[in-house]
Amino acid sequence: MADPIGPRLYSCYRCRNIVSCHDDIISKSFQSSSGRAFLFSHTMNIILGHKMDRRLITGLHTIANIYCSDCGELLGWKYERAYDDLQKYKEGKFALEKFKIVNENW
């Protein structure tokens with residue numbers, strides 16, 4: 001069987017719009033209210049919602065929801081601000097819920 005050509009990608013589970021690259025994963029051990037989430041350094045083909053403060057497992061953060069730019073599906077959130085110094089590494093990063101993304105080109 002031939003190896004896939006090109007980068008390993010993740011896409012929206014609903015419409016298959018590519019939203020991130022496997023190489024941009026920072027952590028696979030994040031948790032959302034619906035299950036596991038992956039933390040990415042970059043995403044693409046997304047729309048950001050309004051910023052809001054939300055208390056998450058790791059404390060208070062300012063986040064913006066992430067939506068697929070093709071179908072509008074809610075895929076996760078972007079960390080805009082972390083109020084705890086130990087959580088500052090998340091700022092500017094993207095959490096995508098595992099069940100909302102699928103592997104492409106694997």
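1. A word on terms before we start: a residue counts as buried under 20% relative accessible area, as exposed over 50%, and as partly exposed in between, with a 1.4 Å probe and protein chains only. Strands (E, at least two residues) and helices (H or I, at least four residues) are DSSP runs numbered from the N terminus. The model is predicted, so please keep in mind that local features need pLDDT of at least 70 and side-chain atom pairs count only at pLDDT 80 or more, while totals for chains, interfaces and linings use all residues. Residues are numbered from 1 along each chain as its sequence is written, and side-chain values use heavy atoms, with hydrogens and water left out.

2. Let me begin with strand β6, residues 59–68. Eight of its 10 residues are buried, so β6 is largely enclosed by the rest of the structure. In general, side chains in a regular strand alternate between the two faces of the sheet.

3. Two strands are taken to pair if DSSP finds at least two bridges between them. On one side, β6 pairs with β5 (residues 46–56) in the antiparallel sense, over nine bridges. β6 is also joined to β7 (residues 74–82) by seven bridges, and this pair is antiparallel too. Ala64 makes a handy landmark: this β6 residue stands opposite Lys51, and Ala64 also stands opposite Lys78 in β7.

4. Now the turns on either end of β6. The β5–β6 hairpin has two residues between its strands. The β6–β7 hairpin has five residues between its strands, and Gly72 in that turn has a positive phi of about 80°.

5. Another set of pairings involves β4, residues 35–40. Strand β3 (residues 25–32) runs antiparallel to β4, with five bridges between them, and Ile25 stands opposite Phe40 in β4. These two strands form a hairpin with two residues between them.

6. What does the whole chain look like in terms of secondary structure? It comes to zero helices and nine strands. With a radius of gyration of 14 Å, close to the 13 Å from the globule rule for 106 residues, the protein is as compact as a globular protein of that length. Here the radius of gyration is taken over C-alpha atoms, and the globule rule is 2.2 Å times the number of residues to the power 0.38. The C-alpha trace spans about 50 × 25 × 20 Å along its principal axes.

7. Buried residues make up 42% of the 106 residues. Among contacts (heavy atoms within 4.5 Å) with a separation of 6 or more, 45% come from residues 24 or more positions apart. The protein exposes about 6200 Å², and carbon and sulfur atoms supply 50% of that area; accessible areas come from the Shrake-Rupley method with a 1.4 Å probe, and for residues only the protein chains shown count as cover.

8. On the cysteines: a disulfide is a pair of cysteine sulfur atoms within 2.5 Å, and a search of the whole structure finds zero of them. Cys12 is in no disulfide, and its nearest cysteine sulfur, that of Cys71, is 3.7 Å away. Seen from Cys71, the closest cysteine sulfur is that of Cys12, and 3.7 Å is too far for a bond. Cys12 is buried, with a relative accessible area of 0%, whereas Cys71 is partly exposed at 25%.

9. Please also look at two non-glycine residues with positive phi. Arg16 has a phi near 70° and is found in the loop between β1 (9–12) and β2 (18–21). Its relative accessibility of 47% counts as partly exposed. Asn45 has a phi near 55° and is found in the loop between β4 and β5. Asn45 is partly exposed as well, with a relative accessible area of 37%.

10. Finally, the annotation. An unreviewed UniProt entry places the feature "domain: Yippee" at residues 8–105; UniProt positions are given in the numbering used here, feature names are shortened, and annotations may be inferred rather than shown by experiment. Over residues 8–105 the chain is 0% helix and 61% strand, and the end C-alpha atoms are 5 Å apart.
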